[in-house]
Amino acid sequence: MGGATPCASCKLLRRRCAKDCIFAPYFPPDDPHRFAIVHKVFGASNISKMLQEIPIHQRADAVSSLVYEANARVRDPVYGCVGAISYLQNQVAQLQMQLAVAQAEILCIQIQQDPAVLPSPSQFVDEPLVAVDDKSFLLHNHQYFNFQPNPGNVTHESLKRESFFGHDMVS
Amino acid sequence: MSSSATGTSRCAACRNQRRRCPTDCIFSPHFPSTDPERFDAVHRIYGASKVAKMLEEIPPEMRGPAANALHFEAKCRIRDPVYGCVGIISTLNEEIRDTGTELAKLRARVAFLASGAQERQLGQDYTIVDDHWTEQQQIGNVVL
């Protein structure tokens with residue numbers, strides 16, 4: 001990629017594209033937008049530093065994820081990728097609620113068809129009436145963060161699995 | 001957290017950059033000196049000037065959420081240098097796909113069980129009619 005045809009990064013930065021240019025494999029000259037957008041958000045020197053710290057076989061994936069994040073940040077200058085994460089977490093929560101409803105419906109139908117299915121009162125002590133598996137949001141905890149994308153909206157209590165930073169990002 | 005022009009309470013950004021913290025410092029409301037790690041993270045990934053530029057392009061009332069989001073993304077990137085917060089998006093997409101599949105299966109089961117319940121109910125109704133016919137025959141009435 002180096003030599004006669006400078007890569008997209010060296011073209012944008014107006015410098016000679018060395019043979020061992022760290023950007024060249026990932027920012028071909030035929031896609032100048034790709035480098036332009038990561039440069040706008042992260043800056044060329046930060047990208048170079050990041051790539052140097054990553055094994056070569058993982059750099060392509062790293063660049064792809066940086067491009068994705070940069071695009072998200074340009075599209076949504078306030079929330080960037082975090083807006084997408086919040087939206088997806090909402091979707092997961094809704095799906096798991098629907099899952100719990102479906103499980104409850106099955107149990108209701110089974111009880112109607114055969115009242116013997118209904119557990120005896122002594123079983124309530126150890127088992128819930130609604131048989132939900134451990135993947136349902138009722139028992140399952142996911143937390144990436146507790147984020148309020150739009151001020152004034154009800155804060156979405158994200159599902160909790162793992163607390164990344166252990167603090168609440170509501171501003 | 002406001003900063004003072006005398007520099008006695010500089011924000012985390014100005015401390016990091018070793019400069020005076022002006023009263024209108026764009027960083028100081030969002031990167032207080034009490035949390036130096038917060039600015040360190042964004043500085044490491046984006047750099048001070050990029051962060052300043054991004055914040056300047058956003059209305060003041062939205063800079064808080066923007067700073068939070070930048071901090072979150074920076075922490076994700078530090079934690080996972082290859083995928084950053086895109087790894088979380090991937091995981092969530094997988095979870096949505098798996099949960100959606102499970103939900104579709106459960107709904108199919110609900111439909112199946114519900115249709116079975118209807119048939120059983122119809123079967124009971126026919127039994128009542130049959131009992132009625134049998135009774136009429138015993139009485140001697142001809143029921144057509």
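Just after helix α2 of chain B, Gly47(B) adopts a positive phi of about 90°. Helices here (H or I, at least four residues) and strands (E, at least two) are DSSP runs, numbered from the N terminus. The model is a predicted one, in which local features need pLDDT of at least 70 and side-chain atom pairs count only at pLDDT 80 or more, while totals for chains, interfaces and linings use all residues; side-chain values use heavy atoms, with hydrogens and water left out. Residues are numbered from 1 along each chain as its sequence is written, and chains are lettered from A and ligands numbered from 1 in the order in which they are written.

In α2(B), residues 36-45, the buried residues are Arg38(B), Phe39(B), Ala41(B), Val42(B) and Ile45(B). Buried means under 20% relative accessible area, exposed over 50%, and partly exposed in between (1.4 Å probe, protein chains only). Viewed down the axis of α2(B), the buried residues fall within an arc of 155°, so they line one face of the helix; the arc is that of the directions from the helix axis to the C-beta atoms. An α-helix has 3.6 residues a turn, so residues three or four places apart point the same way. The buried residues of α2(B) pack against α1 (12-17), α3 (48-56) and α4 (63-79) of chain B, together with α3 of chain A.

Now for chain B as a whole. Its elements run α-α-α-α-α from the N terminus on, with five helices and zero strands. Of the 144 residues in chain B, 41% are buried.

The two chains meet as follows, with contact taken as heavy atoms within 4.5 Å. Buried area is the accessible area (1.4 Å probe) that two parts lose on being put together, summed over both.

| Item between chain A and chain B | Value |
|---|---|
| Residues in contact | 54 residues of chain A, 47 residues of chain B |
| Buried area | about 4,500 Å², 68% from carbon and sulfur atoms |
| Salt bridges | two salt bridges |

A salt bridge is a side-chain nitrogen of Lys or Arg within 4 Å of a carboxyl oxygen of Asp or Glu. One such bridge joins the side chains of Arg73(A) and Glu73(B) (3.0 Å, N to O). On the side of chain A that touches chain B, α2 (32-41), α3 (44-52), α4 (56-75) and α5 (81-113) of chain A each supply at least two residues. The largest share of that side, 19 residues, comes from α5(A).
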